Amino acid sequence: MFAGQTVHVTAVRRKDQTIDFLEVPKQDKAWVNSLKKIPLIRGIVGIIEASAKGAAHLNFSAEKFAEGENEIPEEVEAKAGFSLSMLLGVAFVGVLSFLFGKFVFTLVPVFIEQALFGHMFESRVGHTLIEGVIKIVLLVGYIYAISLTPMIKRLFQYHGAEHKVISAYEAGVELTVENVQKFSTLHYRCGSSFIVFTVIVGVLIYSLVPYETLWERVVQRLILLPVVIGVSYEVLRFTNSLRDVPVLRYLGYPGLWLQKLTTKEPDNSQVEVSIASFNRMREVDRLSAQ
Ligand SMILES: [Zn+2]
């Protein structure tokens with residue numbers, strides 16, 4: 001998926017090899033746009049919006065990919081009509097699963113840390129630091145595990161293809177499959193870097209707040225979660241602005257390391273789809289600018 005000035009475009013290759021597009025115009029409500037201008041708040045709005053849009057576009061890809069496969073028997077289709085995502089709306093489910101994942105990955109490390117090291121020493125900062133390390137290990141393990149499934153592997157290949165296309169475009173070369181393939185699957189300005197920053201920022205913020213019991217620690221983590229997300233987004237923006245500054249650009253590297261997991265080398269046909277999607281986005285933007 002590519003986000004332009006006026007539109008989000010997802011391209012998908014169907015089984016019959018044709019390329020299909022989903023174009024969702026950006027038409028944010030005025031109050032959403034004003035929220036997006038407020039530092040700290042804009043990160044939270046952005047992440048909720050991204051999970052909603054991401055889910056909608058992924059759902060489109062899955063449906064289009066399945067199209068052209070053997071006709072789906074009617075009873076299966078009827079059953080699918082009662083699925084949770086149909087009832088709640090795909091975008092809403094996307095937001096819910098994001099929040100659920102955030103809760104799990106915020107709270108499970110607290111319990112593990114407390115169980116393993118809770119009575120060993122007194123330092124709150126020490127405990128919070130170990131909690132952060134456990135969180136990274138769990139996240140990396142989780143992403144690695146899901147990347148072994150064919151569906152997520154394909155998704156990560158497309159993610160790599162998108163980074164390549166953007167890098168090629170930024171380098172000013174013509175967008176051909178051959179040119180685009182020469183670029184790295186890692187891109188400095190990637191949303192998945194955000195995950196790494198939430199862990200690091202979390203350790204810093206949680207270290208500042210005292211707690212007595214395990215439950216205080218848990219409740220605190222939940223209450224501070226929006227703060228951590230808001231600050232992490234500002235950190236991401238800040239490191240993006242430093243990408244051309246020598247030495248300081250290394251601040252963005254932890255995010256790039258995570259991309260070694262969330263991107264994979266795409267094949268030529270996947271790069272072709274990404275180029276098509278990117279060109280379509282540019283075209284729609286150009287037409288609406290007229
Ligand atoms: Zn990315």
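The axes of helix α5 (residues 90-117) and α6 come within 8 Å and cross at roughly 125 degrees. That makes α5 oblique to α6, a term for angles left over once those under 35 degrees count as roughly parallel, those over 145 as roughly antiparallel and those from 65 to 115 as roughly perpendicular. Axes here are lines fitted to C-alpha atoms, for helices over the stretch in contact, and angles run from 0 to 180 degrees between N-to-C directions. Helices (H or I, at least four residues) and strands (E, at least two) are DSSP runs, numbered from the N terminus.

Before going further, please note that this is a predicted model, in which local features need pLDDT of at least 70, side-chain atom pairs count only at pLDDT 80 or more, and totals for chains, interfaces and linings use all residues. Residues are numbered from 1 along each chain as its sequence is written.

On the α5 side, F105, V108, P109, V110, I112, E113 and F117 make the contact, and they meet H127, I130, E131, I134, K135, L138 and L139 of α6. Two residues are in contact if their C-beta atoms, placed from the backbone, lie within 7 Å. By class, this contact of α5 with α6 has 10 nonpolar, one polar and three charged residues. Ala, Val, Leu, Ile, Met, Phe, Trp, Tyr, Cys and Pro count as nonpolar, Asp, Glu, Lys and Arg as charged, and the others, Gly among them, as polar.

**Helix α9 and its neighbours**

Now follow α6 to another partner. The axes of α6 and α9 come within 9 Å and cross at roughly 165 degrees. That makes α6 roughly antiparallel to α9, and the crossing of α6 and α9 is right-handed. From α6 the contact takes in R124, V125, T128, L129, G132, K135, I136 and L139, while α9 brings I195, V199, G202, V203, Y206 and S207. The residues of the contact of α6 with α9 divide into eight nonpolar, four polar and two charged.

Helix α9 itself has 16 residues and reaches 24 Å from its first C-alpha to its last, close to the 22 Å expected at 1.5 Å a residue; that expected span is 1.5 Å times one less than the number of residues. Which residues of α9 are buried? They are S193, I195, V196, F197, T198, V199, V201, G202 and Y206. A residue is buried if 20 or more other C-beta atoms lie within 10 Å of its own, exposed if 12 or fewer, and partly exposed in between. What covers the buried residues of α9 includes α6 (124-147), α10 (214-241) and α11.

With α11 (residues 253-262), α9 (residues 193-208) forms a further crossing, where the axes come within 7 Å at roughly 125 degrees. That makes α9 oblique to α11, and the crossing of α9 and α11 is right-handed. Here S193, I195, V196, F197 and I200 of α9 meet P254, G255 and L258 of α11. The residues of the contact of α9 with α11 divide into six nonpolar, two polar and no charged.

**Residues to look at**

One residue of that contact deserves a visit. G255 sits in helix α11 and counts as buried, with 26 C-beta neighbours inside 10 Å. Not counting residues up to four places away in sequence, G255 touches C190, S193, V196 and F197.

In helix α10 you will find Q220, which is partly exposed, with 16 other C-beta atoms within 10 Å. Leaving aside its neighbours within four places in sequence, Q220 is in contact with V209 and Y211.

The table gives two C-alpha separations.

| Pair | Apart in sequence | C-alpha to C-alpha |
|---|---|---|
| Q220 and V9 | 211 residues | 39 Å |
| G255 and E122 | 133 residues | 31 Å |

Finally, visit two loops. Q17 has a positive phi of about 80 degrees although it is not a glycine. Q17 lies in the loop between β2 (7-13) and β3 (19-25) and is exposed, with 8 other C-beta atoms within 10 Å. L40, also not a glycine, has a positive phi near 75 degrees. L40 is found in the loop between α1 (30-35) and α2 (41-66) and is partly exposed, with 13 other C-beta atoms within 10 Å.

Conventions: A crossing is left-handed if the near helix is turned anticlockwise from the far one by less than a right angle, and right-handed if clockwise.
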